Amino acid sequence: MGGRPGVYRNQRMEYQHAMADVFLHRSLATSVLGGCLLWGLPAQALELSDAWVRAMPPGRPMTAAYLNLRNDSDRVVTVTGITSTLGEASLHETRVVDGRSTMHELPQLRLETGASARLVPGGMHIMLMGLTQTPVVGEVVPLCLDTDAGEFCVDAPVQRGGGSSQHHH
Ligand SMILES: [Cu+2]
């Protein structure tokens with residue numbers, strides 16, 4: 001997309017995203033999820049996994065959430081919106097330009113058949129603004145993705161960023 005409408009220049013946002021960028025894992029962002037499809041079993045069109053919400057100090061009005069998506073259906077699935085009880089949710093993308101972290105809102109996310117996307121610190125993420133409460137470690141935040149194939153929800157535990165940002169099982 002051309003142009004720069006929607007680019008956030010708010011300093012606090014830039015600071016938060018600069019912090020997040022410390023924990024960039026670009027190699028993971030480009031890796032492909034190895035999947036074994038179980039034919040014959042009813043599968044959700046959109047599979048959501050490894051969702052988490054970044055814990056923030058009290059009083060911060062915003063945070064970010066991350067997850068993996070995979071389109072297991074035989075059609076294109078387009079994410080058109082996100083809802084959360086925690087606050088106003090939207091899809092963002094962070095880019096580092098001249099050493100400065102900026103981000104813009106993505107109106108939608110299109111996933112071809114079999115395609116996957118990773119929302120990770122420093123890349124695409126779900127921005128949660130106007131928080132109704134401070135997300136505390138251990139809490140679980142429901143996130144719902146509105147798509148043209150229906151609504152898909154996932155429970156996202158609140159975690160500290162940094163070293164624990166990658167899930168270990
Ligand atoms: Cu953002």
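This is a predicted model: local features need pLDDT of at least 70, side-chain atom pairs count only at pLDDT 80 or more; totals for chains, interfaces and linings use all residues.
Biologist: Let's start with D98: buried or exposed?
Modeller: D98 is exposed, with 5 other C-beta atoms within 10 Å. Residues are numbered from 1 along each chain as its sequence is written.

Biologist: Thanks! Where does D98 lie?
Modeller: D98 is in the loop between β4 (88–97) and β5. Strands here are DSSP runs of E with at least two residues, helices are runs of H or I with at least four, and both are numbered from the N terminus.

Biologist: And what is the phi of D98?
Modeller: Near 55°, which is a positive value in a residue other than glycine. D98 takes that phi in the hairpin of β4 and β5, which has 2 residues between the strands.

Biologist: How many bridges do β4 and β5 share?
Modeller: They pair in the antiparallel sense over 6 bridges; two strands count as paired if DSSP finds at least two bridges between them. In that pairing, R95 stands opposite T102 in β5.

Biologist: Which residue of β8 is the bridge partner of H92?
Modeller: H125. Strand β8 covers residues 124–129, and β4 pairs with β8 over 6 bridges in the antiparallel sense.

Biologist: Staying with β5, how about E105, which lies in that strand: how many other C-beta atoms are within 10 Å?
Modeller: E105 has 13, so E105 is partly exposed. The strand runs over residues 100–105. The C-alpha atoms of E105 and S90 are separated by 7.1 Å, and the two are 15 residues apart along the chain.

Biologist: Changing topic, what is the phi of D50?
Modeller: D50 has a positive phi near 50°, again in a residue other than glycine. D50 has its place in strand β1, and D50 counts as partly exposed because 15 C-beta neighbours are inside 10 Å.

Biologist: Which way do β1 and β10 run, parallel or antiparallel?
Modeller: Parallel, with 2 bridges joining β1 (residues 46–54) to β10 (residues 150–159). V53 stands opposite V158 in β10.

Biologist: How many residues are in the hairpin that joins β9 to β10?
Modeller: That hairpin goes through 2 residues. Strand β9 (residues 140–147) runs antiparallel to β10, with 8 bridges joining them. V141 has A156 as its bridge partner in β10.

Biologist: Next, the largest nonpolar core: how many residues does it have?
Modeller: There are 25, and those with the most contacts inside it are A65, L67, I126 and A156. A nonpolar core is a set of buried Ala, Val, Leu, Ile, Met, Phe, Trp, Tyr and Cys residues joined through C-beta atoms within 7 Å. The elements giving two or more residues to this core are β1, β2 (62–71), β3 (77–84), β8, β9 and β10. β2 gives the most, with 5 residues.

Biologist: What does I126 touch?
Modeller: Leaving out residues up to four places away in sequence, I126 touches A64, A65, I82, A89, L91, L119 and L143. Contact means C-beta atoms, placed from the backbone, within 7 Å.

Biologist: Last one, how many helices and strands are in the protein?
Modeller: The protein has 2 helices and 10 strands, in the order α-α-β-β-β-β-β-β-β-β-β-β from the N terminus on. Of its 169 residues, 25% count as buried.

Terms used. A residue is buried if 20 or more other C-beta atoms lie within 10 Å of its own, exposed if 12 or fewer, and partly exposed in between; C-beta atoms are placed from the backbone. Two residues are in contact if their C-beta atoms, placed from the backbone, lie within 7 Å.
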